[in-house]
Amino acid sequence: MNSIHYQYEIDASDFSRAGEASSKLKQKLKQMNLPPDIIRRCSIAIYEGEINMVIHANGGVIDVDIYPDKILMVLKDVGPGIPDIDKAMQEGFSTANHEVNSLGFGAGMGLPNMKKATDEILIDTELNVGTTVTMTINF
């Protein structure tokens with residue numbers, strides 16, 4: 001099955017550009033006339049993942065494939081990894097530092113919001129190697 005593919009490079013610690021990928025993808029999905037709920041859910045999932053890459057990882061790459069029946073989003077970084085996925089999935093749990101908090105980020109809602117916005121989320125992480133988050137939204 002063919003897909004439409006988009007790729008976004010995310011820079012580490014560049015809060016001035018945080019959110020660019022999700023904004024660009026949202027515009028592309030609108031141009032494709034996808035349902036507003038699908039666009040909203042995809043935008044939330046990508047934005048939260050993008051912010052996590054800026055805050056916690058050394059940046060990364062987001063690959064998005066749009067199929068006739070779903071959107072597949074793969075976020076891959078080479079950051080420190082997630083020591084405890086169950087804890088990281090709890091609303092309000094955050095390992096963000098004070099500087100990040102002072103900028104209004106790091107409230108501990110990233111992964112929980114990604115899970116709520118998608119139909120499926122898989123997290124593959126290895127300490128000191130990186131994390132790959134694969135999310136699916138079905139139509």
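The lining of the largest pocket comprises 18 nonpolar, eleven polar and four charged residues. The structure is a predicted model.

**Largest pocket**

- The volume of the largest pocket is about 660 Å³.
- Its lining is made up of 33 residues, of which Asn-52, His-56, Ile-82, Thr-95 and Leu-111 are the closest to the pocket centre.
- Two or more lining residues come from each of helix 2 (36-56), helix 3 (85-88), helix 5 (110-117) and strand 5 (130-138).
- Helix 2 makes the greatest contribution to this lining, supplying seven residues.

**Aromatic rings**

- One aromatic pair is counted in the model, under the criterion that ring centres of Phe, Tyr or Trp lie within 6.5 Å.
- At Tyr-67, the charged end of Lys-70 is placed over the ring, at 5.4 Å from the ring centre.

**Arg-41**

- Arg-41 is classed as buried because its relative accessibility is 12%, and the cut-off for buried is under 20%.
- Beyond its neighbours within four places in sequence, Arg-41 contacts Ala-117, Thr-118, Asp-119, Ile-137 and Asn-138.

Methods:
Residues numbered from 1 in each chain as written. Predicted model: local features only at pLDDT ≥ 70, side-chain atom pairs only at ≥ 80, totals over all residues. Heavy atoms only, no water. 1 Å grid on protein atoms, 1.4 Å probe; cavity = no way out; pocket = protein on both sides within 12 Å on 5 of 7 lines; lining within 4 Å. Points joined across faces, edges and corners; volume = space filled by probe spheres on them. Helix = DSSP H or I, 4+ residues; strand = E, 2+ residues; numbered from the N terminus. Nonpolar A, V, L, I, M, F, W, Y, C, P; charged D, E, K, R; others polar. Phe/Tyr/Trp six-rings, centres within 6.5 Å; stacked < 30°, edge-to-face > 60°. Lys NZ or Arg CZ within 6 Å of the ring centre and 35° of its normal. Buried < 20%, exposed > 50% of the residue type's maximum accessible area, 1.4 Å probe, protein only. Contact = heavy atoms within 4.5 Å.
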